[in-house]
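Biologist: I would like a close look at one part of this model. Please take it slowly and keep the answer in one piece.

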Amino acid sequence: MTVPSHETRNNNGGISFGRFWAMTIKEFIQMTRDRVTLATMIMIPVMQLFLFGFAINTTPHNLPTAVLMRENTDVGRSILAALENTDFFQIRTVITRAEDMDELLESGRALFVVEIPEGFERALRRGETPALLVAADATDPVASSSALGALSGIITTALANDRQIEFSEPTKPAFKVIQHRRYNPAGSSTLNIVPGLLGTILTMTLLIFTALSVTRETERGTMENLLSMPIMPVEIMLGKITPYVLIGLIQALIIIAAGILVFRVPIVGHPASLAAITGLFVVANLSIGYTFSTLATNQLQAVQMAMMFFLPNILLSGFMFPFAGMPQWAQWIGEALPLTHYIRVVRAIMLKGADIGVLAYDTATLAGLMLVAMSIAVTRFRRTLD
């Protein structure tokens, strides 16, 4: 009896709808069993829709602003009210000392400081065209440009509507706005992008590296060897993470060197502060990736989880779009991401010369996120062993 070949069996009788339907049903069943892949296919389009449709705004509003009041006059109060009523600026504080202005800009608590100099109202009433001074944090040129462009018109309209100043010559400006773009006077986007790329590249590579660590051991069958060894879960995790910490620091060194030599990005602050915050950030991402590796059952699922986490990181951290221009709910999500705080600190150290003490909030938050991620990773890995 002759057994038909594989090609004969497949071609005999042509295409069968029954076989096609059976294969389709089988694939649906297999897809529903792989719940992580199914959830990824459904959630990524939904996430992209909400992020691009609602969270991303290239014209930022409610930018944190401070007002330096050198004199307390009716005109000064009208300017303050005008800034508070517009959706471009959000007045966080009113200060009276120039030293406070420097601290607010350096720490990132204010992106703009509007200074009303002494004698401003008197000079206005005399028709002397006094200067209104505006110091802007230009490390993010996109966030500052649109607001600075609208500032003069906002104040002129407010003074005219409040009838504080009579403009005898409508064609002549009553005052002039002197803009001081700090930290990035030329408005170069490179100075903004390169520090952000440092955190983005580290996030992408380190997440994927460690997300594969436990699942790779399981698929290769070497996890049983680890289980038979007298070693604690935290020791296994730290042993697996340590080589990637060194790799992450080497990656950071390469990116920073390329930024300095190729793109002429300065490091105004102390390199030790940059190294310390980078170490915190690397460990936080490795711990998150390690947690994904304990949740996934295979390497494909681990990579999918890493990419699901990477998408909101790149869109909601302030790397691609101004953070202050996002709605409140998107900012809450962004505050829970290590990349958001790392980008703020790195830009402040590299471009402003700030130290970690001035950036206490973002540094402490990043350290807290690292500890939370490590705790979850150790707990998950212990359950995996059980």
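Is the crossing of α8 and α15 left-handed or right-handed?

Modeller: This is a predicted model, and in it α8 and α15 cross in a right-handed way. Helix α8 covers residues 189-211, and its axis comes within 9 Å of that of α15, at a crossing angle of roughly 140 degrees. Angles over 145 degrees count as roughly antiparallel, and α8 and α15 are therefore oblique to each other. On the α8 side, the contact is made by Leu191, Asn192, Pro195, Gly196, Leu198, Gly199, Thr200, Leu202 and Thr203. On the α15 side, the residues are Leu339, Tyr342, Ile343, Val346, Arg347, Met350 and Leu351. Sorted by class, this contact has ten nonpolar residues, five polar and one charged.

Helix α15, residues 338-352, also meets helix α12, residues 271-295. Their axes come within 10 Å and cross at roughly 165 degrees, which makes α12 roughly antiparallel to α15. Here the crossing is left-handed. From α12, the contact takes in Ser273, Leu274, Ile277, Thr278, Phe281 and Ile288. From α15, it takes in Pro338, Leu339, Tyr342, Val345, Val346, Ile349 and Met350. Eleven residues of this contact are nonpolar and two are polar, with no charged ones.

Key
Residues numbered from 1 in each chain as written. Predicted model: local features only at pLDDT ≥ 70, side-chain atom pairs only at ≥ 80, totals over all residues. Heavy atoms only, no water. Axes fitted to C-alpha atoms, helices over the stretch in contact; angles between N-to-C directions. Helix = DSSP H or I, 4+ residues; strand = E, 2+ residues; numbered from the N terminus. Parallel < 35°, antiparallel > 145°, perpendicular 65-115°, else oblique. Left-handed = near helix turned anticlockwise from the far one by under 90°. Contact = heavy atoms within 4.5 Å. Nonpolar A, V, L, I, M, F, W, Y, C, P; charged D, E, K, R; others polar.
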